[in-house]
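Please read it alongside the sequence and the coordinates.

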Amino acid sequence: MKVLTDNFSTYWHGFVGTLELTLVSGVLAMLLGVLMAGFRVSPIKSLRAFGTVWVTVLRNTPLTLLFFIVVLGLPRFDIVLPFFTFSVLALGCYTSAFICEVLRSGINTVPLGQGEAARSLGMTFGQTLSLIVLPQASRSVVAPIGSVLIALAKNTAIAGSFSVVELLGSYRTINELGYSIVWTFVWIAVGYLILTLAISAVFNLLERRLAVSR
């Protein structure tokens, strides 16, 4: 307990950093994921191809390698941003590929007749997707999206290797002060547990609310 009480401010700053990374990257991942899911089911061949390449490349690229590409590659094109922003881009883009596939699986559960009925009423593809298909599909993918965002929260640990303040990186400061490395990591694990349980609770509540409205 002494490790926690003596270094509470260090743990707290790391926890807040991880929380910020998770929230901002999660929003970016959701936006890109919805967009790519739309591309994947689009009637336009070029959009379907772009969505397929996006998902295939990002899902099969190690996240650490993607961090190196973003952090070291973008400055070569005179795109110089704070390390936090670089980390958000890497995490958000990587996670968006998984969000996209989760949403696409949900879209596939919506009967084809729903889309055909919408088109017969003169609705465009965008209107059909946003007003008819996605609201129904989202109900079946709440739990899987929660799992993806829990994985995102744990993936933020990689950002600590790129000069971003986050929870796992706090062990360096505490270890230099001579505290037990075992208990240092125990409290870090507790921090991640709190964060992931909070995400799980939010999505469990969402799932129950959406289940009632079916």
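In the lining of the second largest pocket, α2 is the main contributor, with six residues. The model is a predicted one, in which local features need pLDDT of at least 70 and side-chain atom pairs count only at pLDDT 80 or more, while totals for chains, interfaces and linings use all residues. Residues are numbered from 1 along each chain as its sequence is written, and side-chain values use heavy atoms, with hydrogens and water left out.

A pocket is here an open set of points on a 1 Å grid over the protein atoms alone, where a 1.4 Å probe fits and protein lies on both sides within 12 Å along at least five of seven lines; lining residues have an atom within 4 Å of a point. Grid points are joined across faces, edges and corners, and a volume is the space filled by probe spheres set on the points. Helices (H or I, at least four residues) and strands (E, at least two) are DSSP runs, numbered from the N terminus.

The second largest pocket holds about 240 Å³ of space. Of its 13 lining residues, Thr-22, Leu-23, Leu-149, Ile-199 and Phe-203 are the closest to the centre. Two or more lining residues come from each of α2 (8-40), α8 (142-155) and α10 (181-212). By class, this lining has 11 nonpolar residues, two polar and no charged. In this scheme Ala, Val, Leu, Ile, Met, Phe, Trp, Tyr, Cys and Pro count as nonpolar, Asp, Glu, Lys and Arg as charged, and the others, Gly among them, as polar.

The largest pocket has a volume of about 310 Å³. It is lined by 15 residues, of which Ile-107, Leu-112, Gly-115, Arg-119 and Val-133 are the closest to its centre. Both α6 (112-120) and α7 (125-140) supply at least two residues of this lining, and α6 has the largest share, five residues. The lining comprises eight nonpolar, five polar and two charged residues.

Which residues touch the most other members of the largest nonpolar core? They are Tyr-11, Leu-66, Phe-67, Ile-107, Ile-145 and Ile-199, in a core of 54 residues. Such a core is a set of buried Ala, Val, Leu, Ile, Met, Phe, Trp, Tyr and Cys residues joined through side-chain atoms within 4.5 Å. Two or more core residues come from each of α1 (2-6), α2, α3 (45-59), α4 (63-73), α5 (83-107), α7, α8 and α10. The greatest contribution is that of α5, with 12 residues. In soluble globular proteins, nonpolar side chains tend to be buried together.

Beyond its neighbours within four places in sequence, Tyr-11 is in contact with Val-3, Leu-4, Leu-167, Ser-170, Ile-174, Trp-183, Thr-184, Trp-187 and Ile-188. Not counting residues up to four places away in sequence, Thr-184 touches Val-3, Tyr-11, Tyr-171, Ile-174 and Tyr-179.

| Residue | Relative accessible area | State |
|---|---|---|
| Thr-184 | 0% | buried |
| Thr-85 | 29% | partly exposed |
| Ser-163 | 61% | exposed |
| Asp-78 | 71% | exposed |

Most residues other than glycine have a negative phi. Asp-78, however, has a positive phi of about 60° and is placed in the loop between α4 and α5. For Ser-163, phi is also positive, near 65°; this residue is in the loop between α8 and α9 (170-176). Thr-85 belongs to helix α5.

As a whole, the chain has 10 helices and zero strands. Its C-alpha atoms fill a box of roughly 70 × 50 × 25 Å, taken along the principal axes. Of the 214 residues in the chain, 40% are buried. Among contacts between residues at least 6 apart in sequence, 76% join residues at least 24 apart. The accessible surface, from the Shrake-Rupley method with a 1.4 Å probe, comes to about 11,800 Å², and 69% of this belongs to carbon and sulfur atoms.

Key
Buried < 20%, exposed > 50% of the residue type's maximum accessible area, 1.4 Å probe, protein only. Contact = heavy atoms within 4.5 Å.
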